[in-house]
Amino acid sequence: MTRTVAQVIVDGLADLGVGHVFGVVGDALNPLTDAIRVTDGIEWTGFRHEEAAAFAAGARAQLSGELGVCMGTVGPGSVHLLNGLYDAAKSGAPVLAICGQVPLSEVGGDYFQEVDNDLLFRDVAVYRATVTSPSQMPRLLESAVRAAVTRRGVAVLTVPGDLGDRKVEDDRPTRFALPRPAVTRPDDPALAEAAEAIAAGSRVTLLVGRGARDAREEVLRTAELLAAPMVLTLKGKEGFEEDNPYEVGQTGLIGNPAAAHALDTCDTLVLLGTDFPYRDWYPEDCRVVQIDVREEHLGRRVPVDVGLAGDVGATLRALLPLLAPVGSRSHLDEARERFLRWQEDQAGLADPAHDKRLLGRVRAMFDNRSEEIRPEALAAVVDRHAADDAIFTSDTGMATVWLSRFVRMRGDRRLIGSYNLGSMANAMPQAIGAQLWAPDRQVVAFCGDGGLSMLLGDLMTIRSERLPVKLVVFDNRRLGMVKLEQEQAGLPEFGTVLDNPDFAAVAEALGIRGIRVTDPAELDEAVRGALADPGPVLLDVLTNPAEVAVPGKPTVSQGWGFAIAKIKENLPSGDG
């Protein structure tokens, strides 16, 4: 039986094991969604906003390592996908976006809703093609999928409205021929050069990222041999926080003094599977050795003395026999001592009873006079009660700061967020994609109030799909990260205050259990109950809007700017 263009596409995706397609139905997509309706092994998940659908597809791709698929119809429907697709592209997630287009006979005539998709997606996509004839199927689909998977990026396939239900005369099964990823390592002379550079130092620090996730054993052996403190990127938390006697936490604005010390005092820095982008946090005047599977990442952020292009695990297995043990452990011991001391201080802040004690009462006079819940306490309680195989998502901003400091990636926990693009509003739709990928696992979204409200409509997707997602809302009535940025620059807070509804009541109105917490004494029981609930829950926790996340090495200018901002905020407005 001869199939239509739409059926060829859907059958190919089903054979690939895609499972779910995310999007909003309409006009040019109708042949495709109808093909999904009648095809076993693949389901349509309707969203209220295409951006949320793209975030969900990207989340599935990041977690599974396999293709995620989203769809947007003609014009605005495809445009709405763009932000979520940028997030997937910058996260290295393989995503296929199938976009509608005006009828082929109308293309180029400024037809109603016509948008040049090939131009629109030029910057974000590794592959773009528009189907202009049924005879191009399934070849264009195969090319799009192959490009997305092998290049770990976004492919866009555009289907005009009058082609989806056309017959493919020379029909054949799809053949994607996806290769297995090659495991490579540098040649012996390059390894010898790296070993010589490392041996020249006595204070070695490792900066470990997501690219080393599958090389935990080799990374730990390297840290032991070199007595090296291990600084983790945010995406490196997963796989390296449990039973790791070398870890000293994160660096950057979300980091801590121990990680900053480990970097600033090293004479040799070894980068393992990371493209950490913040140049200001790299040490100066030290040797740098970098191992990364992507050759173009070598030396991109900081000048390197030796760059090794290859899989981190395979490269370390070949490099370790060439390394000699470092005699003194003082560099590691200093960093670890600072890290453990910092963790103790953070644990005190995370205690809901903190502001009742003497020092807490003194601090609260300056930053929490209303005795609101500290966000540190909320994050720590979630960490304590969440499952050891929970999947966490976090909104860009302060929600990510609190997660990075208080949620430990123990057991089989997973973590995703918009950590490269830095978009708002990602946590909730990514949680939807995660829950559909792993229906039997606990999924917890750390939502900022600004992020949640931006794509609030897709709470209805959670309800209609009956997904047991847990949404933890850090409701400080602020765009908190923007507030912090303004104050560190010496500017008074402006434009960041949010006039929020009762998010728990909104959730209840939509058929989702809502819990609102305003009393620190009720926090533990509320979190425990929310996470134990078998259905979807929105936990709206009113947190202290004045809370400040002190970076790992605050500068004098930041402190002075913050002081000036506070003075300006408390001055009366007007000409006087």
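Trainee: Which residues have the most contacts inside the largest nonpolar core?

Mentor: They are Leu-85, Val-95, Ile-462 and Leu-471, in a core of 50 residues. The model is predicted, so local features need pLDDT of at least 70 and side-chain atom pairs pLDDT 80 or more, while totals for chains, interfaces and linings use all residues. Residues are numbered from 1 along each chain as its sequence is written, and side-chain values use heavy atoms, without hydrogens and water.

Trainee: What makes this set a nonpolar core?

Mentor: Such a core joins buried Ala, Val, Leu, Ile, Met, Phe, Trp, Tyr and Cys residues through side-chain atoms within 4.5 Å; buried means under 20% relative accessible area (1.4 Å probe, protein chains only). Helix H3 (residues 50–64) gives the largest share of this core, nine residues. Apart from this core lies another, of 39 residues, including Ala-350 and Ile-515.

Trainee: How do you know that E17 and E18 pair?

Mentor: Pairing requires at least two bridges found by DSSP. E17 and strand E18 (residues 537–542) have five bridges, in the parallel sense, so they qualify as a pair.

Terms used: Helices (H or I, at least four residues) and strands (E, at least two) are DSSP runs, numbered from the N terminus.
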